[in-house]
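Biologist: I would like to learn how to read a protein model feature by feature. Could you take me through one, giving the general idea before each case?

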Amino acid sequence: MCWRKRIQRAIPDEFLKSIREEDPSVEVVVDLSDNFITDLSSSLTTFTNMNLVLVDSDITSPAPEELCDTDHNGWVAGMVGQVRNGGALNACDAILCPPGSYNKDGRLSVTTGCNVCTSCTTFGCTSCIDETLTNGNKVCEILNKLFTKISGRTWYNNGNWLVVGKDRCEY
């Protein structure tokens, strides 16, 4: 299932209710990338084997801790369990990188961590504005922050934004 740009609130408790009631152990794949989700429903903790893709969804609340416990090792194609067994401090990072960090996939993997990025203010960032590489131009820095804050990646014409070395006139 894929719902791009349709969800603009918290994931409701009724989300996937019929599947939860029928067989919560069945593998479920849901792509909610590029939405405007405020937070995740704790009802998702019923599922033990879900690949939930949430990158770049402007999520401001952390995943419920229950999603990252030993009952949910199968989450994100088994990454939650692998990350926990690999010694990561927070297995929830396998679902979404926390604010202040990013990864090209929006989440930690066994081989690639969440990298520090002060311009990422939501969970699941996939890119970072390197504030030291904005041509030394305060205007570029402000425009890049604005682009990130108001989901510029969803704009029809979003070329050259966040591209290091591009002049703001080329955005």
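Predicted model: local features only at pLDDT ≥ 70, side-chain atom pairs only at ≥ 80, totals over all residues.

Biologist: Which elements does the protein chain have, and in what order do they run from the N terminus?

Modeller: The chain has three helices and four strands, and, read from the N terminus, these elements follow the order α-β-β-α-β-β-α. Of the 171 residues, 41% are buried, while the chain exposes about 9000 Å², of which carbon and sulfur atoms supply 51%. Among contacts between residues at least 6 apart in sequence, 45% join residues at least 24 apart.

Biologist: Which residues have the most contacts inside the largest nonpolar core?

Modeller: A nonpolar core is read as a set of buried nonpolar residues joined through side-chain atoms. Here the largest one has 29 residues, and those with the most contacts inside it are Leu44, Leu54, Trp75 and Ile95. The elements β1 (28–31), β2 and α2 each supply at least two residues of this core, and the largest share, three residues, comes from α2. Leucine 54 shows what such contacts look like: leaving aside neighbours within four places in sequence, leucine 54 is in contact with Ile11, Leu32, Ser33, Ile37, Leu40, Ile59, Ile95 and Leu96.

Biologist: Is aspartate 58 buried or exposed, and which residues does aspartate 58 touch?

Modeller: Aspartate 58 is buried, because its relative accessible area is 17% and the cut-off for buried is under 20%. Not counting residues up to four places away in sequence, aspartate 58 touches Asn35, Phe36, Ile37, Thr122, Ser151 and Arg153.

Biologist: How many salt bridges does the count come to?

Modeller: Side chains of opposite charge can pair when their charged atoms come close. In this model the count comes to two salt bridges. One joins lysine 17 and glutamate 21, with the closest N and O atoms 3.9 Å apart; because these residues are four apart in helix α1, about one helical turn separates them. Lysine 17 is partly exposed at 41% relative accessibility, whereas glutamate 21 is exposed at 58%. In the other, the side chains of aspartate 105 and lysine 104 meet at 3.4 Å, N to O, with aspartate 105 partly exposed at 40% and lysine 104 exposed at 66%.

Biologist: How many disulfides does the structure hold, and what pattern do they follow?

Modeller: There are three disulfides, and, with bonded cysteines counted along the chain, their pattern is 1-2, 3-4, 5-6. Cysteine 68 is joined to cysteine 92, S to S 1.7 Å, in a right-handed link with 110 degrees about the S-S bond. Cysteine 68 lies in the loop between β2 and α2 and cysteine 92 in the loop between α2 and β3 (101–102), so the pair ties together parts that are 24 residues apart in sequence. Cysteine 97 and cysteine 114 have sulfur atoms 2.1 Å apart, and their link is left-handed, with -85 degrees about the S-S bond. Cysteine 117 and cysteine 128, with sulfur atoms 1.9 Å apart, form a right-handed link at 95 degrees.

Definitions and conventions:
Residues numbered from 1 in each chain as written. Heavy atoms only, no water. Buried < 20%, exposed > 50% of the residue type's maximum accessible area, 1.4 Å probe, protein only. Contact = heavy atoms within 4.5 Å. Areas by Shrake-Rupley, 256 points an atom, 1.4 Å probe, with all protein chains shown as cover. Core = buried A, V, L, I, M, F, W, Y, C linked by side-chain atoms within 4.5 Å. Salt bridge = Lys/Arg side-chain N within 4 Å of Asp/Glu carboxyl O. Disulfide = S-S within 2.5 Å.
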